[in-house]
Structures are given as structure tokens and as C-alpha cells.
Amino acid sequence: YAAVLPSVFVVGSVYKDKGGDWADGIYATAWVAAADGVLVTNWHVFEDLNPGEVFGAADHNGNVYPVVDFLGGDKVADVAVFR
């Protein structure tokens, strides 16, 4: 557990609702694929997005990093790669 914990992240999103307040979007787990910030999660996490929805990824220490790039994946296999 201690050895792999740093490689597990929570990826999540927020968006502005109709009233202009921030609302929770989707949350999922992700795992580290490369030391330069490449993570892997499920394709469906990035489907059916709300307008203006933004994503971040949090590590086990509570550090939050913005998701800045969708690198690709496979919809049928439900795999998404992002940074």
C-alpha cells in the first residue's frame, strides 16, 4: 500500500451552474503512467461535459494539479490518458 499510494490520484471536475455557483462534476480515480504528469483514467470521465467544466487531479497528500491536456485513449476500451 505505502509503495503504490503515490501513484494513485483522484481526478475530478467542477463547473458553474445556472446560478453562477461552482458545482461538483464527476470524480474518479487515476493512476500515474509517467513521471512527467501523465495519468490514466476511464474515457467516460471526459464524456458529456458541462460547459466550462474544468478538471484537476489530487494526490494522496492533498496537492491538486490542473488537468492541462487530453492525450488520447480508447472509447471502446474506456481508457483515457491525460496530463
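Reader: How do strand 1 and strand 2 pair, and over how many bridges?

Author: Strands here are DSSP runs of E with at least two residues, numbered from the N terminus. Two of them pair if DSSP finds at least two bridges between them. Val-10, for one, stands opposite Thr-29 in strand 2. The pairing of strand 1 and strand 2 is antiparallel, over 8 bridges.

Reader: What kind of model is this, and how are residues numbered?

Author: Residues count from 1 along each chain as its sequence is written, and side-chain values use heavy atoms, without hydrogens and water. Local features need pLDDT of at least 70, side-chain atom pairs count only at pLDDT 80 or more, and totals for chains, interfaces and linings use all residues, as the model is predicted.

Reader: Which residue of strand 4 is the bridge partner of Val-14?

Author: Let's look at strand 1 and strand 4: they run antiparallel and are joined by 5 bridges. In strand 4, the partner of Val-14 is Val-54.

Reader: How many residues has the largest nonpolar core?

Author: A nonpolar core is a set of buried Ala, Val, Leu, Ile, Met, Phe, Trp, Tyr and Cys residues joined through side-chain atoms within 4.5 Å; buried means under 20% relative accessible area, exposed over 50%, partly exposed in between (1.4 Å probe, protein chains only). Strand 1, strand 2, strand 4 and strand 7 each give two or more residues to this core. Among its members are Phe-9, Val-11 and Phe-82, and the total is 11 residues.

Reader: Is Asp-48 buried or exposed?

Author: Asp-48 sits in the loop between strand 3 (38–41) and strand 4 (54–58). Its relative accessibility is 77%, so Asp-48 counts as exposed.

Technical notes
Helices (H or I, at least four residues) and strands (E, at least two) are DSSP runs, numbered from the N terminus.
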